[in-house]
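Visitor: Please put the sequence and the model up, and then take my questions in turn.

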Amino acid sequence: MNDQILIEKAKESLKDKVLEITNPAPRRLFMKVAVGNLLEAVNWLKKEMGFSHLSTISGVDLGQSFEILYHFANNFCSFTLRTEISRENPLLPSICALIPGAILYERELQEMFGITVQNIPDPRPLLLPDNWPAGNYPLRKDWKYERPAEVIPGGKK
Amino acid sequence: MNFQIPIGPQHPALKEPIGLRVVVEGEIIRDADLRLGYNHRGIEKLAESKTWIQNIYLEERICGICSHSHTTCYVQGVEKLMEIQPPKRGLYIRTLVAELERIHSHLLWLGVAGHEAGFDSFFMYVWRDREIVMDILETISGNRVHYANNTIGGVRRDLDELQVKHILDSLEILRKRSEFYKNLGTKEPSFVARLAGVGYLSKEDAITLCAVGPTLRASGVPMDVRKDDPYAVYDEVPFEVCTADTCDVLGRTVVRIKEILESYNIIEFLLKNLPAGPIAVRAPRRPKPNEVISRYEAPRGELIYYIKSNGTEKPERIKVRAPTLGNYAATIKMLKKGFIADVPLIFAAIDPCIACAERAVAIVDARTGQEKVVPMNILRQSSQKKSANKERKREVEWPL
Amino acid sequence: MATLKILIYLIVCPGLFFLFIYSTFCEWFDRKLYARFQNRMGPTHTGRWGLLQPIADFFKLMAKEDIVPDRADKGMFSALPPFGLAIVSTAMLLLPIWNYDLEKPSLTSFNGDIIVILYLLSLPTFIFFLAGWSSTNLFSTIGAARVLTMLFGYEVPLFLSVLSPAVLANSWRLAEIAAFYRQHPLLILVNLLSFVIALICVQAKLERTPFDIPHAETEIVGGTFTEYSGKKLALFRLMIDVEMVVAAGLLAAVFLGGFSGGLVIGLINFIIKTLLVIFFLSLIKATTSRIRVDQVVSFSWKYLAPLAVLQLLIVILVKGLIS
């Protein structure tokens, strides 16, 4: 099954929920859907197209909005599902009910970008330490880090 | 009586810090939980402030054992962004170093599996042979880890006749010894008694929990990025995807040993068919604004990079998903039915290469059982405060 | 004169001084063999061929800081190491090296002393258990539980296999058993099966691979010894070495014909025979991997105990045949 057939099937099954679908290189497909249709698109990918392996979930800070990419992989194609959510109200439905392996990636999205994933089974932060000040989301473009001045204990002040 | 046992962050079974907390009843594990973040260095944020070439240096240092995987995956993606195609000889050398890295990583894992199981003799023998591979890598690139062989557009160092001969000779020795390990690892009764039936992950679980690499292939699922999504010269090289269907740690051992033997064949093919020509092309400074996904089969599993450029000489976003992160969800599932004695083995069987978080330490209060994770600088400050008022003890002077 | 002889016996040889030197020599022998089996060098630096390495380790540990955990039972925690060392040193006195007269029983060689040695050798297991238990550390508790679980496995086969030659020799006194086998060397072959079983059980008693489960480094950090450091750890390690010498001596006395020949030859006899037993123990250590504690118990009760009983039957048959 090659990329053309996949594009046609996508247009056929999801009709106008597909906002945009591109094929920039062999075995690479990018499809954009709106946030409300995300679960349905993932369901279609998993049940009918056989894409049950989720490689990872990437988040990109586009300035006014966040773009979330779900990278699915299969024996013959790497399919990326793209969706966009606003910066003021970043809400995203969780796909853990369909793909249990997505839990770690969604936890990372939550703490790195400040996105709230609804119905996530385990909302604890994944990577950052416990005393991380709330409201600091490192992977946002406007988060800058100033290295504190180096103090050598017991040395010259 | 339920006990909570912390394995890590500091534990002799772990080579890198990770917080694993298992709840046990006697020797049987009832529940497991994972705490990440002890090795995070903020690489994704850092990569946004460095140029494309500087990022090769940065990505290489994500991991020592699979450093070539990270640079190759990154450089492949950037080459697609810049729309350049490296010459054949460069691709062959890149694949050669990739397969050598796979061999040395799997030999390392075999030794570590032996050590975790208590079979130290096996560990010593396998690591002695790993030295042969490290010597080859040093002859090719000048370094035992962090080969720094990749650049955007090809590789940096060429191979000559003497090096090719040295590699082929060493392969003979390695092949003989690897056959011996195959027999030893799968037939020695006390070793097999430790590995068989441990860390069972059924085929359905492996697929739904999105496991990658030998963990997935030992459950009978033939997914290998080198076959599914060929990069470099894997579409010209004949090889087979190695699977096993016992779904336990013994299966993973067998898959890795088979992969070592396959790699020997691939390296021989590459060296015999090495084309002549240049090894790199010139790369432009700025790519057009675009995005690309690059996948690579690292020794531990599928490595995926998502790179987005915005037309300047610094990337807009680089997202790295190392293969071990993909295996964590499967690890928790595997731990839930085992014994304590199996925890290091199960954890070592996914070949952990923990490389994703800030430096922090967990303090468990022995009295209340409460746990906090605090960063290293605060820990240092609190310990300095405590010992500042104590007078120093005189050191014992020995006449020796 | 007699008191001087006894004092030399107790303190110099084969008492504490000789025991210290010899058990560290046995540890060196074991470490060197283990390393050579694994294609590495082992201790080479301290002393010629690294002979002084275990002594250096002992003194290094004695100089380190001794930390007692807050919640541990301080009295028991501190008292256990010297107590254990005393027990195994006492066991050493009962081996028939010198100072025994075959006709008259004496203080160190009397009827039933094989039972006393076996009893004294089981006590260190309880000392390890108490050491782990009184540390109140999670890993130590698991190690202590494992020590006792292993005890259920190997103790019965060990007793059965060590007592079979005693049944054949018709006596419960080590010196007499050794003398019996010196007179009838062919009967040593009857006990071959129990020699093998005893070797495996002694490996389990000394907690060496494949039975080093209680202090398995990669699983439970230090097991029973997690919280011990400094002088206490030095005494525990010395105790394990002395236990190895005593167990090897016991096996050599019962199975290999004892240590005859008076002052010098007897001592050389002792050294050679115990080194032979330790060679076998090192061979087992280098060629197997650790097994799980439930597998130890099932292995012992499925294979070792029935074979030990079989050996006892063979011994009874042979005894009936020769008399």
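Visitor: In strand 5 of chain A, which residue is the bridge partner of Lys32(A)?
Guide: This is a predicted model, in which local features need pLDDT of at least 70 and side-chain atom pairs count only at pLDDT 80 or more, while totals for chains, interfaces and linings use all residues. Residues are numbered from 1 along each chain as its sequence is written, with chains lettered from A and ligands numbered from 1 in the order in which they are written. Strand 2 (residues 28-33) of chain A pairs with strand 5 of chain A in the parallel sense over five bridges; strands pair if DSSP finds at least two bridges between them, and both strands (E, at least two residues) and helices (H or I, at least four) are DSSP runs numbered from the N terminus. The partner of Lys32(A) in strand 5 of chain A is Arg82(A).

Visitor: How many of the nine residues of strand 5 of chain A are buried?
Guide: A residue is buried if 20 or more other C-beta atoms, placed from the backbone, lie within 10 Å of its own, exposed if 12 or fewer, and partly exposed in between. Strand 5 (residues 78-86) of chain A is largely enclosed by the rest of the structure, because the number of its nine residues that are buried is seven.

Visitor: Which residue in the turn between strand 7 and strand 8 of chain B has a positive phi?
Guide: Strand 7 and strand 8 of chain B pair in the antiparallel sense over six bridges, with Ile304(B) opposite Arg321(B). Five residues lie between these two strands in a hairpin, and the turn residue with a positive phi, of about 90 degrees, is Gly311(B).

Visitor: What is the average twist from one strand to the next in the sheet of order 6-7-8 in chain B?
Guide: This is an open sheet of three strands with antiparallel pairing. Strand 6 and strand 8 of chain B are at the edges with a single partner strand each, so one side of each has no neighbour in the sheet. From one strand to the next, the twist averages 15 degrees.

Visitor: At what angle do helix 3 and helix 4 of chain B pack?
Guide: Axes are lines fitted to C-alpha atoms, for helices over the stretch in contact, and angles run from 0 to 180 degrees between N-to-C directions. His68(B), Ser69(B) and Thr72(B) of helix 3 of chain B meet Arg94(B), Val97(B), Ala98(B) and Glu101(B) of helix 4 of chain B. The axes of helix 3 of chain B and helix 4 (residues 88-117) of chain B are 9 Å apart, and the packing angle is about 145 degrees.

Visitor: Where in chain B is confidence lowest?
Guide: pLDDT is the predictor's confidence in each residue, from 0 to 100; for chain B the mean is 78, and 81% of its residues reach 70 or more. Residues 356-380 of chain B stay under 50, although the model has 51 contacts beyond four places in sequence for them. Residues 389-400 of chain B are also below 50, with two contacts beyond near neighbours in sequence. Helix 11 (residues 249-272) of chain B is highest at 90, and the lowest, at a mean of 35, is strand 9 (residues 360-364) of chain B.

Terms used
Contact = placed C-beta atoms within 7 Å.
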